[in-house]
Structures are given as C-alpha cells and as structure tokens.
Amino acid sequence: MKKLDRYCTLAGSSISFGLHYYKLMTTKTANITYWVTTIIFAGLMIFSSVGGLQPSQQAIDLMHHYLGYPIYFIQFISVAKLLGAVVILVPTRSFIKSWAYAGLFFDLSGAIYSTVATAGKIDPMMLTLLLWIVPGVVSFYLWNRQQILVDNKQTGG
C-alpha cells in the first residue's frame with residue numbers, strides 16, 4: 001500500500017478521499033462496480049458509434065450540416081469509438097487500454113465543445129452527456145486503482 005498511499009499524498013485531498021473509499025471497498029465490490037460501469041460505458045459508446053458506421057441521412061445532417069465535420073469523419077470517429085469500446089472491455093493491463101479511455105473521453109469532450117461552439121450557448125440537454133461520462137470516469141478510476149494495487153503486490157510495496 002506504500003505506492004497507493006504516496007499517490008494519495010501527492011494527488012491531494014479530494015482524490016485522497018476517493019482512494020480511501022476505494023481501500024474500504026472489498027475487492028469483490030470493486031470488481032463488480034468496475035465491470036458494471038465498464039459495460040455501461042462501452043455499451044453507450046458502441047450505441048453512439050453504430051449509426052455512423054454506414055452514415056444515415058440523420059447522422060450526415062447532424063455531423064456534416066449542423067456541426068460542420070466532413071462526411072468521411074463520421075465513419076472514422078465511429079470506427080475509433082467502436083475499437084475503443086472493445087479495448088476497454090478486454091481484461092488486460094496494457095497501456096493501450098489507457099489510450100482507449102483517453103480517446104473515448106476526447107470524443108465526448110469534443111462532442112460537448114462542438115455542440116457549444118455551433119449553438120453559441122450551452123443547451124441544458126447537454127447535461128445528459130453526464131450520464132455517458134460518469135460511468136466512464138468510474139470505470140477508468142477503478143481500473144487505474146486496480147493497476148496500482150497489482151503493482152504494489154508485485155513490488156512488495
């Protein structure tokens with residue numbers, strides 16, 4: 001737990017509280033919470049990517065005409081989201097999983113920014129994106145904590 005405690009001290013009190021809560025969770029509870037949030041997050045990302053694999057007129061209207069993206073970008077971002085969702089579902093310790101989480105969060109933050117930039121205001125309906133972001137944040141947080149705990153066991157810390 002030395003590495004985890006050192007991380008808590010360096011990260012600050014808000015993360016420290018979260019890590020303390022994680023320490024109180026049983027391994028089984030943490031694993032169940034991780035898999036539930038990961039499946040929800042991956043499912044939402046897969047759901048949002050399916051419509052762009054073969055863009056419908058509705059997807060083209062939204063992404064091209066309203067947001068201003070080129071039509072070829074619709075398929076690209078859809079394939080990238082699909083691959084990212086698959087990668088986070090694979091139980092591995094690979095750094096590629098971190099990249100997948102990052103890519104999916106860039107996609108969501110890009111969606112928020114693009115919508116605000118084109119609309120010129122924040123639409124209250126955009127708050128529904130929090131329903132997409134929260135499971136991803138929890139999933140990443142728990143996966144990252146598992147990696148720290150595994151590293152501690154391997155190094156004897």
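**Entry 1: salt bridge**

The cut-off I used is a side-chain nitrogen of Lys or Arg within 4 Å of a carboxyl oxygen of Asp or Glu. Asp107 lies in helix H6 (residues 95-119) and Lys81 in helix H5, so the pair ties together parts that are 26 residues apart in sequence. Helices here are DSSP runs of H or I with at least four residues, numbered from the N terminus. The structure holds one salt bridge.

Are the two partners buried or exposed? Asp107 is buried, at 16% relative accessibility. Lys81 is buried as well, at 11%. Buried means under 20% relative accessible area, exposed over 50%, and partly exposed in between, with a 1.4 Å probe and protein chains only.

**Entry 2: ground rules**

I note that this is a predicted model, where local features need pLDDT of at least 70, side-chain atom pairs count only at pLDDT 80 or more, and totals for chains, interfaces and linings use all residues. Residues are numbered from 1 along each chain as its sequence is written, and side-chain values use heavy atoms, with hydrogens and water left out.

**Entry 3: aromatic pairs**

I searched the whole structure for aromatic pairs and got eight. Rings of Phe, Tyr and Trp (its six-membered ring) pair if their centres lie within 6.5 Å; planes under 30 degrees apart count as stacked, over 60 as edge-to-face, and the rest as tilted.

I looked at Tyr101 and Phe140, an edge-to-face pair with 5.2 Å between centres and 65 degrees between planes. This pair links distant parts of the chain, with Tyr101 in helix H6 and Phe140 in helix H7, 39 residues apart. Tyr101 is buried at 1% relative accessibility. Phe140 is partly exposed at 29%.

Tyr101 also pairs with Trp143, and that pair is tilted: 5.9 Å centre to centre, 35 degrees between the planes. Trp143 is in helix H7, 42 residues from Tyr101 in helix H6. Trp143 counts as buried, at 4%.

I also found one aromatic cluster made of Tyr69, Phe73 and Phe76.

**Entry 4: Pro135**

Pro135 sits in helix H7 (residues 130-155). It is buried, at 10% relative accessibility. I listed its contacts (heavy atoms within 4.5 Å). Leaving out residues up to four places away in sequence, Pro135 touches Thr37, Ile40, Phe41 and Leu130. I also checked Ile39: it is 96 residues from Pro135 in sequence and 8.8 Å away in space, C-alpha to C-alpha.

**Entry 5: helix H4**

Which residues of helix H4 (residues 57-66) are buried? I got Ala59, Ile60 and Met63. They cover an arc of only 95 degrees around the axis, which puts them on the same side of H4. The arc is taken from the directions from the helix axis to the C-beta atoms. On the other side of H4, I found Gln58 and His65 exposed. The cover over the buried residues of H4 includes H3 and H5. Gly68 follows H4, with a positive phi near 90 degrees.

**Entry 6: surface patch**

I found a nonpolar surface patch of Val50, Leu53, Val79 and Leu83, with about 330 Å² of accessible area together. Patch members have over 30% relative accessible area and no salt bridge; nonpolar side chains (Val, Leu, Ile, Met, Phe, Trp, Tyr) are joined within 5 Å, like charges within 9 Å. Areas come from the Shrake-Rupley method with a 1.4 Å probe, and for residues only the protein chains shown count as cover.

Helix H3 (27-53) and helix H5 (71-89) each supply at least two patch residues. Val79 is in helix H5. It is partly exposed, at 40%.
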